[in-house]
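User: Hey, I'm new to this one. Could you walk me through it?
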Amino acid sequence: MATPRQIQVKDGDALVLVGTMKGAFLVRSNGARARWEVGGPHFAGQAVYAMAYDGRAGRRRLWAGTGSMHWGAVLRSSDDMGKTWTNPEAANVRFPAESGVSLKQIWQVRPGRNEEPDMLYCGVEPAALFESRDAGATWTLNQGLFDHPHRPLWQPGGGGLCLHTIVPDAANRRRLLVAISSGGCYRTDDGGRTWQPRNQGVRADFLPDKNPEFGQCVHKVVQHPARPERLFLQNHWGLYRSDDAGDSWRDIANGVPSDFGFAMAIHPHDPDTVYIVPIESDEFRCTPEGKLRVYRTRNAGDSWEALTRGLPQKDALETVLRDAMATDPLNPAGIYFGTRSGQLWGSSDGGASWSLIRGGLPPIVCVKAAVVGEVAKARVPGARAAATPAARRPRGGKTAARRPSARAKRAKGARRAAPRRGAARKKK
Amino acid sequence: VAVVIHIPGYVREFTGGLGRVTLAGPSPATVGEALTALWALHPGVRDRVVTEQGAVRPHVNVFVGVESIRFTGGLATPLAADAEISIVPAVSGG
């Protein structure tokens, strides 16, 4: 087995966690984020679909959900930046015997709210939510969601029947939203006891009923803590925003080359700024026109602009998967994404310019970003105060708004090549 | 005379490095009993070899001698007192 290269990670470092189909990598830089060091592969040969940094309560803890094709999936943690990892004797995320269900894969590990520093969540395949109230020492199945009468009707997408996104409401401790492919969004308002589908307005193009109560193939949902009632959603076809915590959704695919995509990330300081990487279609699943473009909205989806500086704009048939994009908490914000072709890209100026941090990695399925220790200790050249929202100039917004939107195209019936949006569409 | 279980490399982290575990005590009547005895000695092996529902993981093969238990009755496969069991990862990957 490959011996992982170890890197020295210090307080104040920007840290990017990269999960791949063949192991995990730790990527560090100082606050300037100009030069990067890459450590790994940790868990060489295992698929790492879920990673997280937990810096609450003075911790410096890394989490990785590792999956061996042979030996199963387990959650592992490290308190020494990857020098050693736990490997619990008994699998820590496990379905109860009476459920009759076996864990296939760990898709998400998510530290809870700062006010609940020992709370963690874990999303798995087959779709279920696990919770830990003791900082990850023990995990229990959320029975309310598992017993939901819809559960037997959820259908697996191309990636399996997975619970891949967990959004603990920043303002309401009793509220949590999860996303399931293909079940849609479900929300609890009573701390996880009962769950209701929250998909009104979200299309399911692959079903006879295009607007079902549940069954949508949601790919990612993001929330900004400063505006918790607002959610953004990248769907399997469709970009949406909710201003009522998911009760209803409206289409915001204004000026994007495709409203299909997987990844979505929110700006750390501006609740109106969101990043996506449009993918041409669910048949092709590559960036449109061979251009690797991140799209950014600075006005909550009223318009989107292409961010291309430093990114290949020719022969770049890339795919960025649902958990492979993240932002760091610095200012200017760092934006990171990884491709299925093993390229890790980063921007240290909020997306204005990009550089290849590392290529040649195995297929990237997870990217998370953090600052180790106190964010204020990171030294960012020319930084504004971290609490200051990013300036909201309408740069590119007008241009973007003039481009025909995916929504407008649909309205006109001007759908592109029929097979891409045809009835034979596969879902994921 | 005792049942011997051969442990694959990845799982030896949970047997203290042992590649071969000899089951002392009463001879197990089936593969399932032998594996239960193995878990008692080395608990960490269990969840690597079987799921939480007790089924051998789909990409793990268990052999008695040269015969895969998939074709001889699974965990109910009877054992001779001097049987050799091998736990082997399947030749799968990607």
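**Where the chains meet**

Analyst: Arg94(A) forms a salt bridge with Asp47(B), with 2.4 Å between the closest N and O atoms; the term means a side-chain nitrogen of Lys or Arg within 4 Å of a carboxyl oxygen of Asp or Glu. Keep in mind that this is a predicted model: local features need pLDDT of at least 70, side-chain atom pairs count only at pLDDT 80 or more, and totals for chains, interfaces and linings use all residues. Residues are numbered from 1 along each chain as its sequence is written, chains are lettered from A in the order in which they are written, and side-chain values use heavy atoms, leaving out hydrogens and water.

User: How many salt bridges are there between chain B and chain A?
Analyst: The count is 1.

User: Which elements of chain B give two or more residues to the side that touches chain A?
Analyst: Those are helix H2 (46-49) and strand S5 (84-89) of chain B. H2(B) gives the largest share, 4 residues. Helices (H or I, at least four residues) and strands (E, at least two) are DSSP runs, numbered from the N terminus.

User: And how many residues are in contact?
Analyst: 23 residues of chain B are in contact with 23 of chain A, where contact means heavy atoms within 4.5 Å.

User: How much area do the two chains bury between them?
Analyst: About 1,800 Å², 48% of it on carbon and sulfur atoms. That's the accessible area (1.4 Å probe) that two parts lose on being put together, summed over both. On the chain B side, Tyr10(B), Glu52(B) and Gln53(B) lose the most, together 36% of what that side buries.

User: Okay, new topic. In what order do the strands of the open sheet in chain B run?
Analyst: The order is S2-S1-S5-S3-S4, 5 strands with mixed pairing. Two strands pair if DSSP finds at least two bridges between them.

User: Why is one side of S2 and of S4 left without a neighbour?
Analyst: Strands S2 (20-23) and S4 (67-68) of chain B stand at the edges with a single partner strand each, so one side of each has no neighbour in the sheet.

User: What about S1(B), parallel or antiparallel to S5(B)?
Analyst: Strand S1 (residues 3-6) of chain B pairs with S5(B) in the parallel sense, over 3 bridges. With S2(B), S1(B) pairs in the antiparallel sense, over 4 bridges.

User: Which residues does Ile5(B) partner?
Analyst: In S5(B), the bridge partner of Ile5(B) is Ile85(B), and in S2(B), Ile5(B) stands opposite Val21(B). Val4(B) has Glu84(B) as its bridge partner in S5(B).
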